Amino acid sequence: MFDCIVIGKGLIGSAAAKYLKKYFERVAIIGPNEPLHDLEKAQVFASHYDQSRVQRTIGVDPVWTQLNKQSVAHYPKLETESGISFHSSEGCLYVSPYGKDKYLKNVPDQANQFRLPYQFFDNEEFITKAFQDYTFPSGSFGMLEPAPAGHINPLQLIKAQLKVFQNSGGEIYNDTVVNLNYDQSFSVNTSTGQTYSAKKVLVTAGAFSNFFGLLPQPLSLELESETVLLAEVSQAEAQRLSKLPSLLYELDTEAVEGIYLVQPVQYPDGRYYLKMGSNLSTDIPFQNLKQIQEWFRNGDSSGNELVLRKALHAIMPSLNTIGYTTKKCIVSRTRHGQCYIGSSGQKNQYVAAGGNGYSAMCSDALGQIAAHYTIHENVPPEYSAQSFKPIMV
Ligand SMILES: Cc1cc2nc3c(=O)[nH]c(=O)nc-3n(C[C@H](O)[C@H](O)[C@H](O)COP(=O)(O)OP(=O)(O)OC[C@H]3O[C@@H](n4cnc5c(N)ncnc54)[C@H](O)[C@@H]3O)c2cc1C
């Protein structure tokens, strides 16, 4: 009998498992690895199958900022303990093409409250003078966050969390949970026919938390497809751009809204790709698991390539590319805009899900809060439980 089972081996679950193991004797985490070949067999997918995620510190509100700051502060220890590096500190540039927007207006207060450094650029010329590879339209306003902002590798971050978890005696199962029963304790059934028992369960299945009866009541989550463009560059071009800060560019047109971009990094195929994504008018809202499975298995993300390429070369006209490919992902949004962390409504069962597109960079803190809630049925004192309260359908 496990003291606790974490369902979902993603960014939040792997962090939560690590923190839970500091308190409980027997902890398991169950979730499938990224399906690389037979996609028809895979039942669930994830929001982290990639080599880069933007890391900033000053978030859209003080809760996100606190989460980011706390997470980044733990990276050096996690990299040392695991021997796995996942964080790069080239900085993060935020640009609004419409002048100082609401976020930028709040930056000085947040920076002051959390003692975080930043630099404003009053117009597009100042931005391009500082970062010659970026070009923005007239009227743009920019803000640079220096190190530790930059980017993280989400797969390596998960690997690091799981290594520390395993080294401390945690158990990892590469499997998918297909059923859950509660009768004094939990019986967790998996697709390979295994059954595991636990006193407590924490569900961290991301966009898939509402499927397979993992929760007694579904969460109010909006699920949508996301397409990213991978622009292949030579090793020399990647080297040339190695100081390029990550970018959050708040363009809002009919076709493209909210661009994010990370400098070229090496992918498992040995090649170098610069990643860019955004919300698109063609993004698909999902109502059920079948639609999501269809998207990951056969969805046409390449139909979005041209619009993303155009947006990329408008920002980086001098970028020297070799080729392009697209990748499919899924985003989950909550009703109140923060991650849901709290009780599932079932005794001894808890949930942490709903990343809102921002939760890779603060997954360590979200996992820590989820673990705290699972142990104490409350959030750590520096947060308010109300901020994360799960909202059910
Ligand atoms: C294209 C894209 C770009 C993004 N860019 C950024 C960024 O730049 N910065 C940032 O901070 N955030 C970014 N995000 C958001 C971030 O990746 C997510 O918020 C984050 O992955 C959420 O973590 P999670 O643990 O909730 O979900 P996931 O990381 O998706 O993990 C959930 C895990 O649960 C598993 N699972 C599901 N169902 C089951 C089941 N039945 N049994 C067992 N396991 C199950 C899945 O396999 C998965 O591994 C981006 C997201 C996308 C899609």
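Student: How many residues of domain 1 are in contact with residues of domain 2?

Tutor: Two residues are in contact if their C-beta atoms, placed from the backbone, lie within 7 Å. Here, 29 residues of domain 1 are in contact with 22 residues of domain 2. This is a predicted model, in which local features need pLDDT of at least 70 and side-chain atom pairs count only at pLDDT 80 or more, whereas totals for chains, interfaces and linings use all residues. Residues are numbered from 1 along each chain as its sequence is written.

Student: Which elements supply the side of domain 1 that touches domain 2?

Tutor: Helices (H or I, at least four residues) and strands (E, at least two) are DSSP runs, numbered from the N terminus. At least two residues of that side come from each of α5 (154-167) and α9 (363-376). The largest share, 7 residues, belongs to α5.

Student: What is the make-up of this side by class?

Tutor: Ala, Val, Leu, Ile, Met, Phe, Trp, Tyr, Cys and Pro count as nonpolar, Asp, Glu, Lys and Arg as charged, and the others, Gly among them, as polar. The side of domain 1 that touches domain 2 has 15 nonpolar, 9 polar and 5 charged residues.

Student: Where are the bounds of the two domains?

Tutor: Such bounds come from an automatic or database domain assignment. Domain 1 covers 2-50 + 155-218 + 338-388, and domain 2 covers 70-153 + 222-334. Their C-alpha centres lie 26 Å apart.

Student: Which residues come nearest to the ligand?

Tutor: A residue is near a molecule if its C-beta atom, placed from the backbone, lies within 6 Å of it. Of the 39 residues around the ligand, G8, G10, G206, C329 and G355 come nearest. Elements giving two or more residues to this shell are α1 (11-21), β3 (53-55), β13 (221-233) and β18 (323-334). Domain 1 and domain 2 each contribute at least three residues to the shell, which has 22 nonpolar, 14 polar and 3 charged residues by class.

Student: Where is the kink in α3 centred?

Tutor: The bend at a residue is the angle between axes fitted to the seven residues ending there and the seven starting there. In α3, a kink of about 35 degrees is centred on P108. Just after α3, R115 takes a positive phi of about 55 degrees.
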